[in-house]
Amino acid sequence: MAEYNVSSGSWEHWPLLGEGRYGHSCAMVGDTVVVAGGADHRDNYLASTLVVDTVTRQYREAGRLARERFSLGMARVGDKLVAFGGFDNSLTSLGSVEEWQEEQEVWMESQLELEDGRAEFGAVTVTGEVVCAQNSDED
């Protein structure tokens, strides 16, 4: 991880995480960053989650997602952090949603579901709704 200082225009690199990954998603929860999913350097899709303390800059392993997710989204919906979409190991776009349980640091499968499975998209919360942007001929 790296921290960008807006005032100085410089980057400060933090200690390396225990496992490299790409295609993951992350979100702030209090003084921590939740990092979930993605793929490792061998292109194996991941269900693992790391929690990074932004004060101490140390990380710890946390509860795994119910399934591997690559190019997933993460956003706050109300007071909940949710992980959604992404590709599974067979490159199927997922429509399932998982909710982060902050106290236990675990994911729970949600009854929420995306209308259509999707991956490789941007997501942001706007007035309580999650808006996804994806370039597609179908949407």
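I began with Ser-110, which is buried at a relative accessible area of 14% (buried means under 20% relative accessible area, exposed over 50%, and partly exposed in between, with a 1.4 Å probe and protein chains only). I noted that this is a predicted model, in which local features need pLDDT of at least 70 and side-chain atom pairs count only at pLDDT 80 or more, while totals for chains, interfaces and linings use all residues. Residues are numbered from 1 along each chain as its sequence is written, and side-chain values use heavy atoms, with hydrogens and water left out.

**Around Ser-110**

I placed Ser-110 in strand β10, which covers residues 106-113; strands (E, at least two residues) and helices (H or I, at least four) are DSSP runs, numbered from the N terminus. I then looked up what the side chain of Ser-110 reaches, and found the backbone nitrogen of Leu-112 at 2.9 Å. Setting aside the neighbours within four places in sequence, I listed Val-97, Glu-98 and Glu-99 as residues in contact with Ser-110, where contact means heavy atoms within 4.5 Å.

**The whole chain**

I next looked up the make-up of the chain, which has 12 strands and zero helices. The radius of gyration of the chain is 15 Å, close to the 14 Å that the globule rule gives for 139 residues, so the chain is as compact as a globular protein of that length; the radius is taken over C-alpha atoms, and the rule is 2.2 Å times the number of residues to the power 0.38. Taken along the principal axes, the C-alpha atoms fill a box of roughly 45 × 35 × 35 Å. I also recorded that buried residues make up 38% of the 139 residues, and that, of the contacts with a separation of 6 or more, 40% are between residues 24 or more positions apart.

**The sheet of β3 to β6**

I traced an open sheet of four strands in the order β3-β4-β5-β6, with antiparallel pairing; two strands pair if DSSP finds at least two bridges between them. The edges are held by β3 (25-29) and β6 (59-62), each with a single partner strand, so one side of each is left without a neighbour in the sheet.

I followed β4 (residues 32-36) to both of its partners. With β3 it pairs in the antiparallel sense over five bridges, and here Cys-26 has Val-35 as its bridge partner, while Ala-27 stands opposite Val-34. The two strands form a hairpin with two residues between them, and Gly-30 in the turn has a positive phi of about 65 degrees. Five bridges also join β4 to the antiparallel strand β5 (residues 49-53), where Val-34 stands opposite Val-51.

Which way do the residues of β4 point? I found Thr-32, Val-34 and Ala-36 pointing one way and Val-33 and Val-35 the other way, and all are buried. In a regular strand the side chains alternate between the two faces of the sheet.

**A second hairpin**

Finally I looked up β7 (residues 73-77) and β8 (residues 80-84), which run antiparallel and are joined by five bridges. The bridge partner of Met-74 in β8 is Ala-83. This hairpin has two residues between the strands, and Gly-78 takes a positive phi near 65 degrees.

Terms used. A polar contact is a pair of N or O atoms within 3.5 Å; within protein, one must be able to donate a hydrogen and the other to accept it, and residues adjacent in sequence count only if both atoms are side-chain atoms.
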